[in-house]
Amino acid sequence: MTETPQNPDAKTLSSKRGGGDPAVRGRTTIADGVVEKIAGLAARDVVGVHAMGSGFARTLGAVRERVPGGGKGSSATRGVKAEVGEVQTALDLEIVVDYGVSIADVARAVRENVIAAVERMTSLEVVEVNIAVSDVKLPDEEDEEEERESRLQ
């Protein structure tokens, strides 16, 4: 013999309560800057990537970081531009590689690392990662930032 619930609509009410799956109760938006930070950090993790951004961008960023309230977080997004849609994103990265590394291998590793990190953290589909190599860091070259520090002290 089966039990009849006291209130036959109780199960119906509880299943309808709240509108179903929590994943569809609202909307999540991800700012371009969030994706840019994730991509920038993932790209910097790759062996052979010396820096991100063009020489001018790195110089401007270093100066800005010295100014109080100048935005320390900007270095994480330097050299990265993201276009974020509702379910997809596209990225443009500008990198400086260390002398002697295979640029093709570094670019491949950057692309793989960036795609994995962005897709894992945001659930956005990365449709493309364009990489521009703007410079090669020679072993005997001083970093522009180190050079500026010695002049500014």
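Accessible areas here come from the Shrake-Rupley method with a 1.4 Å probe. On that basis, this predicted model exposes about 10300 Å², and carbon and sulfur atoms supply 51% of that area. Buried residues, for their part, make up 27% of the 153 in the protein.

As for the fold, there are 6 helices and 4 strands, and reading along the sequence gives the pattern α-α-β-α-α-β-β-α-β-α. Take the contacts between residues at least 6 apart in sequence: 75% of them join residues at least 24 apart.

Now to the inside. The largest nonpolar core has 24 residues, and the members touching the most other members are Leu 91, Leu 93, Val 110, Val 114 and Val 118. At least two core residues come from each of helix 2 (32-44), strand 1 (49-52), strand 2 (80-84), strand 3 (88-98), helix 5 (103-122) and strand 4 (125-137). Helix 5 gives the most, with 6 residues.

The pLDDT averages 81 over the protein, with 67% of the residues scoring at least 70. Helix 5 has the highest confidence, at 98, while helix 1 (residues 10-16) has the lowest, at a mean of 48. Where pLDDT is low, the predicted coordinates should not be read in detail.

Methods: Residues are numbered from 1 along each chain as its sequence is written. This is a predicted model: local features need pLDDT of at least 70, side-chain atom pairs count only at pLDDT 80 or more; totals for chains, interfaces and linings use all residues. Side-chain values use heavy atoms; hydrogens and water are left out. A nonpolar core is a set of buried Ala, Val, Leu, Ile, Met, Phe, Trp, Tyr and Cys residues joined through side-chain atoms within 4.5 Å. Buried means under 20% relative accessible area, exposed over 50%, partly exposed in between (1.4 Å probe, protein chains only). Contact means heavy atoms within 4.5 Å. pLDDT is the predictor's confidence in each residue, from 0 to 100.
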